[in-house]
Amino acid sequence: MANQEYKRYTITSALPYANGPKHIGHLAGAYIPADVYVRHLRLQDKDVVFVCGSDEHGTAIPNQALKENTTPQAIIDKYHQLIKECFDKLGMSFDIYHRTSEQIHHQTSQEIFLTLYNKGLLNEETSEQYYDDEANVFLADRYIIGTCPKCGHPSAYGDQCEKCGTSLSPSELINPKSTLTGKVPVLKSTRHWYLPLENYEPWLREWILKSHEADWKSNVYGQCKSWIDAGLQSRAMTRDLDWGIKVPLPGAEGKVLYVWFDAPIGYISATRALFDEVSSGKLHYATPQRDFSQHKKDDWKKYWQDKETKLVHFIGKDNIVFHCIIFPIMLHATGEYIVPDNVPANEFMNLEGDKMSTSRGWSIEMHEYLHDFPDKPDVLRYALLTNLPEAKDSEFTWKDFQAKNNNELVAIFGNFVNRALVLTQKFFDNKVPVRSALQDIDKKVVSDLAEFPARISASIESYRFREATAHMMDLARMGNKYLAETEPWKVAKTDMDRVGTILNLALQIAANLSVMVEPFLPFSAAKLKAMLNFNGVRWNETGSADLLPERLELGHASLLFEKIEDDVIEAQIKKLHDTKTKMELEKQPVTPAKAEISFDEFSKMDIRIGKILKAERVEKSKKLLKLQVDTGIDVRTVMSGIAEHFAPEDIIGKQVTILVNLAPRKIMGVESQGMILMASDKDGTLRMLNPSADTSPGSVIS
RNA sequence: GGCGCGGUAGCUCAGGUGGUUAGAGCGUUGGAUUCAUAACCCAAAGGUCGGGGGUUCAACUCCCCCCCGCGCUACCA
């Protein structure tokens with residue numbers, strides 16, 4: 001199965017969610033590896049389509065629109081354009097970069113939904129969900145805000161608390177409120193269509209656990225096994241929302257397809273759109289990277305429904321469950337579609353010691369990089385390729401970026417090419433010299449050269465892109481070594497024929513580089529070809545020492561890469577820290593005011609000054625401290641979720657504010673008799689509230 | 001708490017099915033060289049492979065326990 005010969009290839013990169021810019025971690029995860037893979041296939045004249053596009057549905061889009069005070073449409077237009085342009089400038093060679101807001105995608109998604117529905121594979125169920133009866137809408141998880149049950153953060157979202165990271169369901173929130181109107185939402189019954197994933201467990205076991213144990217990456221396989229073993233559950237494929245793809249059923253007004261139902265279908269609709277456009281000749285989203293002129297409108301089906309098609313999804317590890325479990329189940333259940341042959345998900349790339357995050361300002365956004373280094377897309381590609389998070393999270397640092405550029409691209413690759421060209425200019429009037437009899441060292445180089453294409457291919461085909469990149473660079477190393485050993489600049493004093501032979505071979509190596517480097521560094525490959533006055537050859541013709549004809553007049557030599565100085569790198573590091581600081585200040589708006597209460601309600605609370613007498617850690621809890629507090633009234637036990645902010649020994653003797661008449665509650669098996677009040681700063685830091693001067697325990701606060 | 005993936009030279013990382021002195025790139029040090037963007041080329045130093053047990057003639061590689069990082073998931077409030 002794994003080594004089957006395929007007739008054609010369908011390659012996808014994760015659809016970026018169009019709610020904001022994307023950073024280099026995304027590039028390293030799902031885009032650059034896919035692009036290398038596809039370019040390598042194209043160089044072999046394989047029948048491949050490479051599709052991607054913007055994911056434009058889901059609740060976060062309207063959410064972002066609210067934040068930016070605009071419409072969802074304006075949001076997706078803005079970010080679709082931004083992301084698309086960045087991909088283009090970075091050389092992502094999609095045959096089409098589509099959008100899920102397009103009509104053809106709505107149609108495709110609805111068709112697949114209906115196929116499943118008509119086969120009776122979707123279960124209709126009614127459940128209770130929060131509803132805002134002032135705005136007259138069901139509230140998506142994201143639109144409900146309340147106190148996090150885990151950390152007490154007062155503005156946790158219904159699906160997740162952004163402070164402690166816990167995923168939640170809206171019913172868990174304390175004091176839930178609609179973010180639209182501030183009203184308390186009410187539970188109301190609603191109808192949805194569920195895909196019973198559990199029915200497909202035997203099939204998944206057979207397909208993934210049995211037939212892909214050997215060829216799927218361990219991180220992907222392990223994650224899938226974990227999900228399957230844990231027991232799959234029915235999952236709602238529809239939502240109450242007015243932004244998205246309408247559920248194509250009577251009586252389903254106001255309901256749309258779940259974004260994770262429609263998003264992966266975006267790969268299919270993009271392929272459809274591609275063939276629509278190339279067959280009609282009217283290109284809009286399509287940017288065909290090869291000749292599609294023989295294709296008909298319906299040919300997209302071959303790429304998704306023919307068993308001789310190899311489907312590969314390139315994604316980041318956060319998408320594994322959707323691409324390996326849910327989407328394949330959908331495809332399989334239709335009875336019409338093929339499932340992926342592989343899903344080589346990457347782990348995450350960290351940045352300068354911390355997780356990358358656009359919202360926290362700790363990231364390198366694609367458009368920012370391109371703005372600061374407009375002529376260096378390949379340098380980023382190289383820096384990411386040599387450090388892809390293929391087996392575990394990896395680390396990007398600016399210093400490393402600089403070193404990769406200066407010590408490898410400039411010193412090894414660029415330098416070799418420059419040496420060969422400059423010597424040819426100097427001794428042979430910039431023409432490929434004639435080759436005479438080969439010595440042993442030349443024969444060795446020729447035979448070594450012949451081994452590179454297969455070696456690089458083997459790495460790429462097994463999704464080992466770092467290794468492939470290293471092989472590629474080894475070819476330039478070989479060139480440098482060959483020059484160092486043959487010393488043509490010395491031989492030139494005695495034997496010009498010999499020099500000609502050496503430089504001819506050096507130029508042949510350079511010509512090979514110009515082709516073999518193309519999947520990795522397409523811009524530099526093109527530049528190098530121009531310098532060699534060389535049109536390039538197919539991948540299968542590389543490894544030959546006869547790519548350039550003798551006496552060929554070479555083009556203009558220029559530097560392929562230039563050094564990046566320290567101050568440029570320091571400026572980037574400073575910018576990174578500045579952005580983070582700025583975001584911290586701007587982010588996390590003050591928690592919205594709570595609903596008005598009466599004086600009576602307020603006076604029900606008995607808040608006093610207390611004094612911590614004892615504090616100890618709670619076993620098996622990261623956050624809890626068990627405190628003994630003198631409340632003036634008594635000494636009582638209070639469990640407090642502050643262990644991540646205070647060391648027990650530091651807070652003994654401190655005065656605190658305590659709510660003493662809160663109903664007791666068992667926490668980690670211990671009864672907590674009150675609540676310590678804390679101020680939570682924007683960055684999440686907790687601070688105690690204590691009186692400005694020593695105050696006796698039991699003093700009432702009012 | 002459960003599960004998954006990781007924890008290998010100063011740094012970033014490789015090391016199918018266990019087998020002679022554990023690898024690469026970068027960095028460091030020394031040498032050689034000057035065609036080349038002070039680049040290239042050669043060489044050396046550097047690791048008790050997270051910790052502890054066990055299986056085996058033999059373990060980085062298999063098994064068990066523990067610690068740490070990341071992720072998913074649960075409960076917890």
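Predicted model: local features only at pLDDT ≥ 70, side-chain atom pairs only at ≥ 80, totals over all residues.
Residues are numbered from 1 along each chain as its sequence is written, chains are lettered from A and ligands numbered from 1 in the order in which they are written, and side-chain values use heavy atoms, with hydrogens and water left out.

**View 1. Chain A as a whole.** Chain A contains 20 helices and 24 strands. Helices (H or I, at least four residues) and strands (E, at least two) are DSSP runs, numbered from the N terminus. The C-alpha trace spans about 105 × 65 × 45 Å along its principal axes. Of the 702 residues, 52% count as buried. Buried means under 20% relative accessible area, exposed over 50%, and partly exposed in between (1.4 Å probe, protein chains only). The accessible surface of chain A comes to about 31600 Å², and 49% of that belongs to carbon and sulfur atoms. Areas come from the Shrake-Rupley method with a 1.4 Å probe; for residues, only the protein chains shown count as cover. Among contacts between residues at least 6 apart in sequence, 74% join residues at least 24 apart. Contact means heavy atoms within 4.5 Å.

**View 2. Thr631 in its loop.** Thr631 lies in the loop between strand 17 (625-630) and strand 18 (635-640). Thr631 counts as buried because its relative accessible area is 0%. Leaving aside neighbours within four places in sequence, Thr631 is in contact with Arg608, Ile609, Gly610, Arg636, Ile658, Val660, Pro697 and Gly698.

**View 3. Met330 in helix 9.** Met330 is part of helix 9 (residues 320-334). Its relative accessible area is 1%, so Met330 is buried. Not counting residues up to four places away in sequence, Met330 touches Leu116, Leu195, Phe261 and Ile265. Glu5 is 325 residues from Met330 in sequence and 25 Å away in space, C-alpha to C-alpha.

**View 4. Salt bridges.** The structure holds 41 salt bridges. Each is a side-chain nitrogen of Lys or Arg within 4 Å of a carboxyl oxygen of Asp or Glu. Glu308 pairs with Lys7, with the closest N and O atoms 3.4 Å apart. This pair links distant parts of the chain, 301 residues apart: Glu308 is in the loop between helix 8 (300-305) and strand 13 (309-314), and Lys7 is in the segment before strand 1 (8-13). Glu308 is partly exposed at 35%, whereas Lys7 is exposed at 52%. Lys404 and Asp400 form another salt bridge (3.2 Å, N to O). Both lie in helix 12 (residues 398-428), 4 residues apart, about one turn of the helix. An α-helix has 3.6 residues a turn, so residues three or four places apart point the same way. Lys404 is buried at 10% relative accessibility; Asp400 is partly exposed at 25%. A network of salt bridges links Asp35, Arg39, Arg381 and Glu518.

**View 5. Positive phi values.** Most residues other than glycine have a negative phi. Asp45 has a positive phi near 60°. Asp45 sits in the loop between helix 1 (24-43) and strand 2 (47-54) and is exposed at 54%. Glu352 has a positive phi of about 45°. Its place is the loop between strand 14 (349-351) and helix 10 (366-372), and at 26% Glu352 is partly exposed.

**View 6. A nonpolar surface patch.** Ile597, Phe602 and Met605 make a nonpolar patch of about 260 Å². Patches are made of residues with over 30% relative accessible area and no salt bridge; like charges are joined within 9 Å, nonpolar side chains (Val, Leu, Ile, Met, Phe, Trp, Tyr) within 5 Å. Met605 is in the loop between helix 19 (599-603) and strand 16 (607-617). Met605 is partly exposed, at 39% relative accessibility.
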